[in-house]
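Below is a walk through one protein chain, written for someone seeing it for the first time. Please keep the sequence and the 3D view at hand while reading.

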Amino acid sequence: QQPRVYLLRGLANIFSLGMDDLTAKLNARGIKASVHSYADLVALSNYAIEQATQGKRPTPVVIIGHSLGADAAVYMGNRLTAAGVPVPLVVTFDPVNYTIASAKIGKVVNYYQAGGSGKPVSGPRVDNIDLTGSEALSHFNIEKAAELHNRVIAMIQRPVRSRPVAAKPKPKPASDAAAASTATPDATPAS
C-alpha cells in the first residue's frame, strides 16, 4: 500500500524550502505528498490520523521534516503510531532539539550536523547520520541537498518493513476437517 507523505518546514515556514522541492519530486513520482508548517503539528497529526484510518486497513504515513519541522516529524510519528497508524519511516534533516522516537515507528533516519544546530534523535530504530564532515552542507541547506533527496525517495519507494508479524493459522471449515479425517487411513474416530 502506497504511503501518504507529510513534510514539515522549520522556523517561520520560510527557511525550509527544500521540503517544497522534495514534495514536488515525490508527487511527480506518483507518491501523494504535501508540505506544512511545523506549527501545524497538532492539527496535522489529527488530520493524518483521520485520513489514514478511513479504509479497511490504515494507510501508512511517512513523515519528513527540517529543523523545527524535524523535531515535529518525530513528535508526529509518535502521535500517529500511538493512534494505531503505521509509520514505516520518519526522515529528519538537522533537528534542533533532542527528541525520542517511539519504538513503534518502523525506522527513523536523521541527517544532521553535530557541529552546528543539529541534534541526534534517540530511539531503538534510529539511524543518526552525522554529516559534519560535509563542508558544502549547513543547517540552512541540508534539506535542499539533491543526493539526500534521492536517498529519501529511494527509502519511500522501497519501504522499511516493521517487525514481521506471524500470521495466524486459519481454521479449516468443519466440512474440510471432516473430509480430512476420513481420508487419513490411521484416523481414529472422535469419542
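L11, I14, F15 and F140 together make a nonpolar surface patch of about 420 Å². One of its members, F140, is found in the loop between β8 and α4. With a relative accessible area of 55%, F140 is exposed, since the cut-off for that word is over 50%. The model shown here is a predicted one.

Two other residues in this part of the sequence deserve a look for their backbone angles. Most residues other than glycine have a negative phi. N13 is not a glycine either, yet its phi is positive at about 65°. N13 also lies in the loop between β1 and α1, and at 29% relative accessibility it counts as partly exposed.

Now for the chain as a whole. It has five helices and eight strands, and along the sequence these follow the pattern β-α-β-α-β-α-β-β-β-β-β-α-α. Of its 191 residues, 41% are buried. The accessible surface comes to about 10,300 Å², and carbon and sulfur atoms account for 56% of that.

Six of the strands form an open sheet with parallel pairing, in the order β2-β1-β3-β4-β6-β8. Which strands stand at the edges? They are β2 (33-37) and β8 (126-130); each has a single partner strand, so one side of each is left without a neighbour in the sheet. From one strand to the next the twist averages 15°.

Strands of a sheet pair through backbone hydrogen bonds, either parallel or antiparallel. Here, β1 (residues 4-9) is joined to β2 by five bridges, and the two run parallel. Within this pair, R9 stands opposite S37 in β2. β3 and β4 also pair in the parallel sense, over five bridges, and G65 stands opposite T92 in β4.

Is β4 enclosed or open to the outside? Five of the five residues of β4 are buried, so this strand is largely enclosed by the rest of the structure. In a regular strand the side chains alternate between the two faces of the sheet. In β4, L89, V91 and F93 point one way while V90 and T92 point the other way, and all of these are buried.

Helices lie across the sheet strands. Helix α1 (residues 18-28) lies across β1, β2, β3 (61-66) and β4 (89-93), and it runs at about 165° to β1. Helix α4 (residues 146-157) lies across β1, β3, β4 and β6 (108-112), running at about 170° to β4.

A buried residue in a loop comes next. V85 is placed in the loop between α3 (68-82) and β4, and its relative accessible area is 2%, which means that V85 is buried. What does V85 touch, leaving aside residues up to four places away in sequence? The residues are I49, A52, T53, T59, V61 and L80. The C-alpha atoms of V85 and R57 are separated by 9.3 Å, although the two residues are 28 residues apart along the chain.

The last topic is the pairing of charged side chains. The count of salt bridges comes to four. In one of them K107 is joined to D127, with the closest N and O atoms 3.1 Å apart. K107 lies in the loop between β5 (99-100) and β6 and D127 lies in strand β8, so the pair ties together parts that are 20 residues apart in sequence. Both ends are partly exposed: K107 has 25% relative accessibility, and D127 has a relative accessible area of 35%.

Another salt bridge joins the side chains of E143 and K144, at 2.6 Å from N to O. E143 is buried, with a relative accessible area of 0%, whereas K144 is partly exposed at 36%.

R151 and E147 also form a salt bridge, their closest N and O atoms being 3.5 Å apart. Because these residues are four apart in helix α4, about one helical turn separates R151 and E147. R151 is partly exposed at 36% relative accessibility, and E147 is partly exposed at 48%.

Note on methods. Residues are numbered from 1 along each chain as its sequence is written. This is a predicted model: local features need pLDDT of at least 70, side-chain atom pairs count only at pLDDT 80 or more; totals for chains, interfaces and linings use all residues. Side-chain values use heavy atoms; hydrogens and water are left out. Two strands pair if DSSP finds at least two bridges between them. Axes are lines fitted to C-alpha atoms, for helices over the stretch in contact, and angles run from 0 to 180 degrees between N-to-C directions. Contact means heavy atoms within 4.5 Å. Patches are made of residues with over 30% relative accessible area and no salt bridge: like charges are joined within 9 Å, nonpolar side chains (Val, Leu, Ile, Met, Phe, Trp, Tyr) within 5 Å. Accessible areas come from the Shrake-Rupley method with a 1.4 Å probe; for residues, only the protein chains shown count as cover. Buried means under 20% relative accessible area, exposed over 50%, partly exposed in between (1.4 Å probe, protein chains only).
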